[in-house]
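These are my notebook entries on the complex. I set down what I looked up, one topic at a time.

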Amino acid sequence: MGEELNIVGKSVAMKGSGEKVSGTAEYTVDMRLPGMLYAKILRSPHAHANIRGIDTSEAEALPGVRAVITHEEAKILYTVTHGSAREYGIDDRVRYYGDKVAAVAAVSEEVAEEALGLIDVDYEVLPAVFEMEEAMRSDAPVVHPERDDVEGNILEKSVQEWGDVEKGFAEADHVFENRFITQRVCHSALEPHAMVASWDGDGNLTMWSSEQTAFMIRDSLAEAFQMPRSKIRFIVPPYVGGGFGGKYESAEKIVVALLARKAGKPVMLRLARDEVFHTTRTRSPCIFETKTGVKADGTLVAREVRAIVDVGAYAWGAIMASRAASYMTLLYRCPNIRYLGYGVYTNTPPSGAMRGFTSTPIHYAMESELEEIAYALGMDPTEFRLKNALNVGDIIPINGKPVTSSGLREAVIRGREAIGWEGRQRVPGSEGGAKRRGIGMACYSHYAPMLKSTERSVGNAVLKINVDGSLHLLLGVPDIGQGLRTIMAQIAAEALGAKLDEISVTLADTSVTPWGTTTAASRSTQETGGAVEMAAGRMKGRLLELASEIMDIPADRLDAMDGVVFAKGVPEQGLTFKDILSHPDVHQSGENVIITKATYNVPTFIPPYGTAFADVEVDTETGRVRVLKMVAASDVGRAINPQSVEGQLEGGMQMGIGYALTEELRLHPETGEPLNNSFMDYKVLRAGDMPEMEVIIVEPVDPNSVYGAKGIGEMAVIPMAPAVRNAIYNATGARVHDLPITPEVLLRALREKEKGKC
Amino acid sequence: MDYLFRPKTYLKPQTLKEALALLSDHGKSAKIVAGGTDLLVEKPRGVECLIDVTSLPLDYVRLEGGSLSVGALTTIESINNSEIPTGLFHVLKEASGLFGHRNLRNLATVGGNLCSSVPSADMATPLMALDSVARISSVRGERTVPLEEFFVFVRENVLEEDEMLVEVQVPPQPPRTGAAFAKIGRTSVDIALVNVAVRLTLGEDDTCSDVRIILGSVAPTPMRCPTAEGVLRGKGLDEVLIEEAAQAVSEEIRPISDVRSSAEYRRDASRVLTKRCIVSAIERARGGSY
Amino acid sequence: MVEKIRIILMVNGELREAYVEPGSTLLSVLREDLGLTGAKHGCGNGECGACTVIIDGKAVPSCLVLAAGAQGKEIETIESLQRGGEHHPLQRAFIEHGAVQCGFCTPGMIMSAKALLNGNSDPSEEEVREALQGNLCRCTGYKKIVEAVLSVSGRGD
């Protein structure tokens, strides 16, 4: 490394922006196919029930209805992306309020909706359980009695330990214990979920859907329908209106495919916003019981977390709880760590991946506790974090590998300067007055592609070149709006020496692009980027070989940039890619049909690091919190596109502050019915709610990843909520443990503090 | 269920007379639609006929002889941008600026907000505080109803099936009168968890000669707080008295707990907002601004 | 069975004919009948702003406008901004400032911004945020969007 980069590191305009600003970008829901029908799903008004009988005859007879299906055709097992979770297309049992009961395809949504009203269902209502701790009791209603591999409602139990926490606590000078509860929140991507299914006369299925993966869904569908994978074409359109982890896997695809087959016409399902809130995955609510032991000088000696993760009615995977352990080991040195985690079923909307995964809630718990510990010890919270932080060379317990790069120290130092940290430290809540200012911070790390050597993280890329030197890059993963298409094109252009504008990217089409995983877990930059770099490097090698013959200069003395191959040191005299490929010798031999490919196995996991700082004003009379300023300082390894990194972090602030203060999907405690499944009452932040925001990009440039980059997508949200919570603590001294910190929650906490109960 | 709202007829009368005749003919199965920001969100069942009244000449704000007449079709954004001199009926501008967001305000009308008769109606509170009167028309003639008597229950008001609200009249206010409005939501754009309007008149000796304290979202309709008003009326206004009045409000109101807020928080917020509004109203009264 | 009525709408300077139900919204008619899918359906109750269009100079959520009621008015959608392949300054600014991520909110944002600039050519940052309060964005945190709008007004960089 050390050479100057040409395109990587530049804030180039995002490909596809022209379409988006013109309103011509076609999202799934904008698709129109000839004869296309519209689907609607009948949803359960009960949180838990058996379907004893279902009569669809009247619905089928309604003019304009073309197909109706129930569990009778749709009880097909669909293995959701991560294995251990299972869901049927439509089951004869419903497990949460809103669960699928039947589906209709009709000539219009109005007719389909009317048909739903004509379906007669005989429910045998069963007792339901909504709270995760209740669900763990032996006498709780069982959500999945048919699963004999699950004990009661406990889908997973994970115990992970390093060292000996009992010994550690015994050695500690101070031990702190807390209990945190984090809430159910929703991705709220602006584009509602939508999908289209179409069969052809040869029994091939084509589906288009706004998803974060194409191949993993195609593979699941092939398995479910017992079809060869080659007969299913799954396409994620070039434009997806946001995902954040919520557009991954839903058994609705089985339903839509079956409707299309039965009706003999393409079928579109587009979810209404209220459905998006409570029938697609939410972030898992969690309970964390934390115990942390420190020496008087602030050294961490023992950390223990007991976690319960509410996976809802249908789990995303039996790894939600176990993964959370990893986040305890990535940031700080601590010789003794113990994690006990449970993944528990309840009769609530299925929960699963949402930006940061369980990292987001557990960091909230851990970083809130650590800030308070710092104050209890009389230490500056930033110094407390730095004292304990893992440094380059330290071994990460979860995989036994050393930290190869860390920008944490720089992030903390630059971040605290930017927020104006100096001089703000005092005893939390020591100031009086109706409006109080406070400042707080939080750190994070995250694991991007796969944690351990037993896990696989593989990216694929295919690169084709045209005779005029322009290129096609084929990747199996979708762009969900975060700019993957552009980032990958930048990497390709850099590695190859091509012009960015002459690289056209095709994504996520299972018939055309190579296999890809998910655009999630902030893995794309390292995993797919690594493959792109390799494939581009191979293309460059081939071009240099051909040029070498033409120019009669050894290939190792040639280089390429901006679509031109030249002798090193003589950039003015070169051959364009077009010159090379249309050269008679090359053309005649057919050697200008060049396709390169690469499969990149991420060799080692490279944790990113970062911090967030918040400056808040608390109105202690109303409990309203105004976030005045936030600073995010993130070690992204290297920013392939700095403007894009800023955009991710700024968006992460919106999501993170909402997580801290205003967002929660609330369910009726007795029926499980969603109470606020609309933007009217599910409060996401607007332009007028946002603080002043500053982003600091820290680039330690890791030696092991593509251009030293680490990724940012998920990390962008993780530190925000604890930073805000810690600022509130600093302002008021009120210790709030549960999210969201609404005005009334804060008022109550302030009152309790007055009474001295805290 | 969305598609239970499927009206069969759309009518657009060009004169008030026409509109009233249609209302009289269609009765219960017809719904007046102006901005649509309540109707197209609520999508009530059983609506057969839509009567679009936006062509009627009821979009005006007129100041005549100290009295303000607001046509029912005046949009909330018009109020927000209106040239009502600061100082006169300023509290209406204040409330309108906190209503929803601009794009909604461009559609929503004063008449629509009042006729929705939701307890949180942001224009109802300040209009009531200013002793406004609703002018109502039907084929049978015209009548006026003080706004204080207009609201009956959640989404229920005194309008008969064939009646339409055409105008709201705000009377001239005595000298040394000040008014203030406050609203609290969960974020900057929200339905009011609580809204408050206070109108206060100072006597020559700076005591409170008259006061109105109106709260929204704390009862089935926007409500007056006579007990709290009684605490202030005729007295010299110091911090202690203001706190007492605010406390009286929190005890007088009848809030419920719902997904937006607990009743307890509504009481807390009412007390705080009332106090702040009284202080603000007093300041404005001294400057003659309401 | 609901009988459709014939309406004539003036959209982007052109008279367009459509057959709609009395209760049809302008949003659904734009998208389903007139092929103008730039306005998006994000929520259906005027909260998210993805459906924002301009009617008689004012930005409004088209999901709350009756199609039949929009007759006789001048309707502008995102599709009206490009002239002969050239981007409008607002569109250019959004691209340059990195204000476009997933893009679903973008048409609505641009229309709200356009309505603002039509009436106020030099807004403050506060005024820009105020004008965009009806448009949700989950990707950008709004900062680059606000910067883009300010840059067009001449007050930004």
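**Entry 1. Confidence**

I note at the outset that this is a predicted model. For the complex, the predictor gives an ipTM of 0.97 and a pTM of 0.97. I also looked up chain C, where the average pLDDT is 95 and 97% of the residues score at least 70.

**Entry 2. Domains of chain A**

I looked up how chain A is divided and found domain 1 (31–126 + 190–242 + 247–279), domain 2 (282–451 + 604–755) and domain 3 (458–601). How far apart are the C-alpha centres of domain 1 and domain 3 of chain A? They lie 39 Å apart. I then checked the contact between these two domains, in which 18 residues of domain 1 of chain A meet 16 residues of domain 3 of chain A. On the domain 1 side of this contact, α7 (215–225) and β13 (232–235) of chain A each supply at least two residues. By class, that side holds 9 nonpolar, 5 polar and 4 charged residues.

**Entry 3. A sheet in chain A**

I traced an open sheet of 3 strands in chain A, with the order β6-β2-β8 and antiparallel pairing. Its edges are β6 (93–94) and β8 (120–125) of chain A; each has a single partner strand, so one side of each is left without a neighbour in the sheet. I followed strand β2 (residues 49–55) of chain A and found that β2(A) pairs with β8(A) in the antiparallel sense over 6 bridges. One bridge that I looked up joins D55(A) to D120(A), the latter being in β8(A).

**Entry 4. Helix α8 of chain A**

I compared the length of helix α8 (residues 252–263) of chain A with expectation. At 1.5 Å a residue, its 12 residues should span 16 Å, and the end C-alpha atoms are 16 Å apart, which agrees. The criterion I applied for a buried residue is 20 or more other C-beta atoms within 10 Å of its own. The buried residues are E252(A), K253(A), I254(A), V255(A), V256(A), A257(A), L258(A), L259(A), A260(A) and A263(A).

**Entry 5. Strand β23 of chain A and its partners**

I turned to strand β23 (residues 458–465) of chain A, which is mostly covered, with 6 of its 8 residues buried. Which strands pair with β23(A)? Strand β29 (residues 595–601) of chain A pairs with β23(A) in the antiparallel sense over 7 bridges. In this pairing I located V462(A) opposite K597(A) of β29(A). Strand β24 (residues 471–475) of chain A also pairs with β23(A) in the antiparallel sense, here over 5 bridges. I found I465(A) standing opposite L471(A) of β24(A). β23(A) and β24(A) form a hairpin with 5 residues between them, and in the turn I noted a positive phi of about 90° at G469(A).

**Entry 6. Helix α18 of chain A**

As 18 of the 20 residues of α18(A) are buried, I record α18(A) as largely enclosed by the rest of the structure.

**Entry 7. Domains of chain C**

I found chain C divided into domain 1 (5–80) and domain 2 (89–153). Taken over C-alpha atoms, 21 Å separate the centres of these two domains of chain C. In their contact, 15 residues of domain 1 of chain C meet 13 residues of domain 2 of chain C. β3 (52–55) and β4 (58–61) of chain C each supply at least two residues of the domain 1 side. That side has 9 nonpolar, 4 polar and 2 charged residues.

**Entry 8. Contacts between chains**

I looked up the contact of chain C with chain A, which takes 41 residues from chain C and 43 residues from chain A. On the chain C side, α2 (89–96), α3 (106–119), α4 (125–131) and α5 (143–153) each supply at least two residues. The largest share of that side, 4 residues, comes from α2(C). I record its classes as 17 nonpolar, 16 polar and 8 charged.

Technical notes
Residues are numbered from 1 along each chain as its sequence is written. Chains are lettered from A and ligands numbered from 1 in the order in which they are written. This is a predicted model: local features need pLDDT of at least 70, side-chain atom pairs count only at pLDDT 80 or more; totals for chains, interfaces and linings use all residues. The expected span of a helix is 1.5 Å times one less than its number of residues. A residue is buried if 20 or more other C-beta atoms lie within 10 Å of its own, exposed if 12 or fewer, and partly exposed in between; C-beta atoms are placed from the backbone. pLDDT is the predictor's confidence in each residue, from 0 to 100. Domain bounds come from an automatic or database domain assignment. Two residues are in contact if their C-beta atoms, placed from the backbone, lie within 7 Å. Ala, Val, Leu, Ile, Met, Phe, Trp, Tyr, Cys and Pro count as nonpolar, Asp, Glu, Lys and Arg as charged, and the others, Gly among them, as polar. Two strands pair if DSSP finds at least two bridges between them.
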